[in-house]
Amino acid sequence: MRIDLHSHSTASDGTSRPAEVVWRAREAGLDVLALTDHDGVGGHAEALANLPDGLTLVPGMELSCRRDGMSIHMLAYLFDPDHPGLARETALIREARDGRAAEMVARLIDLGVPITMEMVERIAGGGVVGRPHVARAMLAVGAVADIEEAFSNRWIGSGGRAHVARYALDPVRAVELTRAAGGVAVLAHPRSAKRGRVVPDEWIADMAAAGLTGIEVDHRDHTTTAREELRGLAKDLGLVVTGSSDDHGELTGHRLGCETTAPEAYEALLDAVPSRT
């Protein structure tokens with residue numbers, strides 16, 4: 001089995017519609033795919049309605065978290081999206097995300113970048129508006145040479161001139177809410193130094209104590225050394241090791257299946273779902 005547990009569609013900041021994501025997954029030889037758009041499940045229905053034969057879809061989302069000013073991402077799987085506590089928090093995050101985008105656009109306009117909120121919303125295509133959509137608007141008007149430049153500390157990266165902080169969950173709270181909603185939580189790309197600070201081991205231990213099920217170890221942004229360190233930490237904390245593409249369509253070069261999760265790790269995640277224990 002080939003299993004990819006982290007992907008995005010136009011329901012958040014990917015460039016492919018959910019239907020295209022699942023078809024590309026099957027074409028890439030995947031047997032299991034998790035659709036994990038940011039802070040919402042708006043792409044699940046379309047993905048399920050267009051699911052090709054031989055592909056299992058794992059419903060999920062990537063929750064926005066923050067601790068001590070650091071952005072942290074939590075992958076939630078197989079939860080009840082109508083759980084009151086989780087639904088309330090994701091609604092707050094999405095509302096804050098929309099307001100944040102508008103404020104970033106205003107700051108960029110002040111800095112001489114000729115974009116509009118309408119342009120950003122059009123790029124988002126009805127999905128959850130995020131910084132990648134702002135970055136794509138900046139690229140479209142020639143303000144930056146590539147998406148990476150937009151995310152630098154010169155523009156909308158952390159500490160940048162147009163960066164705006166927003167509401168996010170503490171990662172321990174995200175784990176607790178996911179568990180309360182009947183799902184399992186996996187910490188996403190915790191050693192991605194290119195995204196800023198890396199998640200300290202003691203924070204991961206806090207999450208494990210709260211019910212964290214796994215750590216995303218095999219990720220394109222992780223070095224060989226980081227992967228080895230995370231495998232050791234996962235063993236010490238009793239966490240499942242996962243791997244995934246974190247595919248965003250054109251933005252990441254359509255890389256579904258470039259990193260995968262072992263079948264036994266996938267089974268361990270399923271076994272950890274509260275409703276199955």
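User: Which residues does UniProt list for "domain: Polymerase/histidinol phosphatase N-terminal"?

Analyst: The unreviewed UniProt entry lists residues 3-67. Such annotations may be inferred rather than shown by experiment. This is a predicted model: local features need pLDDT of at least 70, side-chain atom pairs count only at pLDDT 80 or more, and totals for chains, interfaces and linings use all residues. Residues are numbered from 1 along each chain, and side-chain values use heavy atoms, without hydrogens and water.

User: What makes up residues 3-67?

Analyst: The span is 25% helix and 28% strand. Helices (H or I, at least four residues) and strands (E, at least two) are DSSP runs.

User: Why is the pair R17 and E46 called a salt bridge?

Analyst: The rule asks for a side-chain nitrogen of Lys or Arg within 4 Å of a carboxyl oxygen of Asp or Glu. R17 and E46 meet at 2.4 Å, N to O, so the pair qualifies. R17 sits in the loop between β1 (3-4) and α1 (18-27), and E46 in helix α2 (residues 44-49). They are 29 residues apart. The structure holds 12 salt bridges.

User: Which domains does the assignment give?

Analyst: Domain 1 is 3-95 + 166-272, and domain 2 is 98-151. These bounds come from an automatic or database assignment.

User: How do you know that domain 1 and domain 2 touch?

Analyst: Contact means heavy atoms within 4.5 Å. By that rule, 11 residues of domain 1 are in contact with 10 residues of domain 2. The two bury about 870 Å² between them; buried area is the accessible area (1.4 Å probe) lost on being put together, summed over both.
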